[in-house]
Structures are given as C-alpha cells and as structure tokens.
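Dear colleague,

I am handing over the structure below, and I would be glad if you could look through it alongside the notes that follow it.

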Amino acid sequence: MAESPRAIIDELQFLLSQSKQPTVRALLEAELKRQNEQLKFESPPEKKQIVKPAVRTKKISNYAWDESSKFVKIYISNIKEAEHSINKENIESKFDTRSATVLLRGVGGKEINYSFSISNLKESISPSECRVTPSKTGVTIYLAKSSSSTWGSLKAQKEEKKDDFPKMDKDADPSAGLMNLMKHMYETGDDEMKRTIAKSMYEAQNKQNTGEAGKLPDMGDMGAGLDDL
C-alpha cells in the first residue's frame, strides 16, 4: 500500500531535522518541496457551506366557501406564485372535528410557504374524509360533514351572555325597584357580592327593628345570607 503524501512529508521533515550534512539536507528539502506541491493537487478543494435563505411563511386570510350535503368547500385562490407549482407532495394538512390547518410548502420560485387555519367550525367534520386538492392558483379544502345538515355559516357564533338587568319603573315604588335591583345583583354576583348585599340587608333589618328605618320589602333568597353574619 502506497504511503500518503502527508506521511511522506512528515518523515522527510523528521529526517531533515536530524540531518547535518548540507548535501543531504539539500536533497531532503528538494524532495519535501516536491511532495508539498503534489499534496496541493491531490487535496480536494474545501467545500464552501451554502447557507440557504430562510423560507418565508405567509398567512392566508382571504378565502371563499360554499357547501353541499356532504362537504363544506373552502376555496383559496389568487396566489400568484402558485401557478403550476403546487404539488400534492407539498401540501400538509391536519383536520380535527372542529378545525382544519393547511400548509403549502415551497410555492413558486421564491420558495414561499403559505399557511391557512380555521377553528370553531359551525358543525363537526369527519377528519379521515377531508382532503385538499391543488388548483391553478391555490387549493380547495374539502371538509367532510359528519351529518348532512346545512351549516349556513362557516364558524359557530359566539353566544353573548345576556344580563337581564331589571328596568326601573318611574311610577312604581322606588324601594321595590331598589329591592329588585339588589335581588338581581345577589343572584348574578359572586360570593363576595352576595356577602356584601347580605351585610347591607342585615344592617338595614337591624335599623328596622330599632325603629330607625321603615319596613323592608320581602328579601327572598337574600335573607339566607343573613345567617352567616
């Protein structure tokens, strides 16, 4: 097995360090120079590390949709870079019973990612039957309905909590209106609110018993809190 140029160079350098004869040293130095020149040609060039620019991800917010008895279809279009470049291999999707997420990787010559997600769907879907198909300038997302009901809207509407605040009747007894208001605050308030109202009613009842205040209206459930005071 032939020795490597590096091993020969190391040995020549060792012999050169031991030699004292000018003629021998000259021969060794000449051979060392030749081996170094040969090593340059045999050594592979150093590979330069290519740093790829970071891939941008754009969030998709514009889309259209419609529905049939089996599917809710979401249309994502007008992606200029998408023409002839969206392949099924570059589409990643995840479906849950009330949400969907789609990622389009490497779209266009600039290698841009596009992401789309939606949650809080109006009705539940069947994840295993959902799919994404590419179109000329985007994709179409097929959400498979769990039932054939008509959605009417894509997302579920958030129910607003109504506070049936009692209206004050100007012609009614003011004390009765105040009592209705306090009852409402007691029924809808937290424990701290209930204790505060019960304490106020307790003090008002004591004043009534001592003749310092008029007769109180019926306290209803608010009277139960008086036992804790």
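**Strand pairing**

Strand S3 and strand S8 (residues 138-144) pair in the antiparallel sense over six bridges, where two strands count as paired if DSSP finds at least two bridges between them, and strands are DSSP runs (E, at least two residues) numbered from the N terminus. Within this pairing, Ile76 stands opposite Val139 in S8.

Please keep in mind that this is a predicted model, in which local features need pLDDT of at least 70 and side-chain atom pairs count only at pLDDT 80 or more, while totals for chains, interfaces and linings use all residues. Residues are numbered from 1 along each chain as its sequence is written, and side-chain values use heavy atoms, with hydrogens and water left out.

S3 (residues 71-76) also pairs with strand S2 (residues 64-67), again in the antiparallel sense, over four bridges, and Glu67 stands opposite Val72 in S3. S2 and S3 form a hairpin, with three residues between them.

There is also an open sheet of four strands, whose order is S1-S6-S5-S4 and whose pairing is mixed. Strand S1 (57-59) and strand S4 (91-96) stand at its edges and have a single partner strand each, so one side of each is left without a neighbour in the sheet. On average, neighbouring strands of this sheet are turned by 15° against each other, direction ignored, with axes taken as lines fitted to C-alpha atoms and angles running from 0 to 180 degrees between N-to-C directions.

For S1, the partner is strand S6 (residues 112-118), which runs parallel to S1 and is joined to it by three bridges; Thr57 has Asn113 as its bridge partner in S6.
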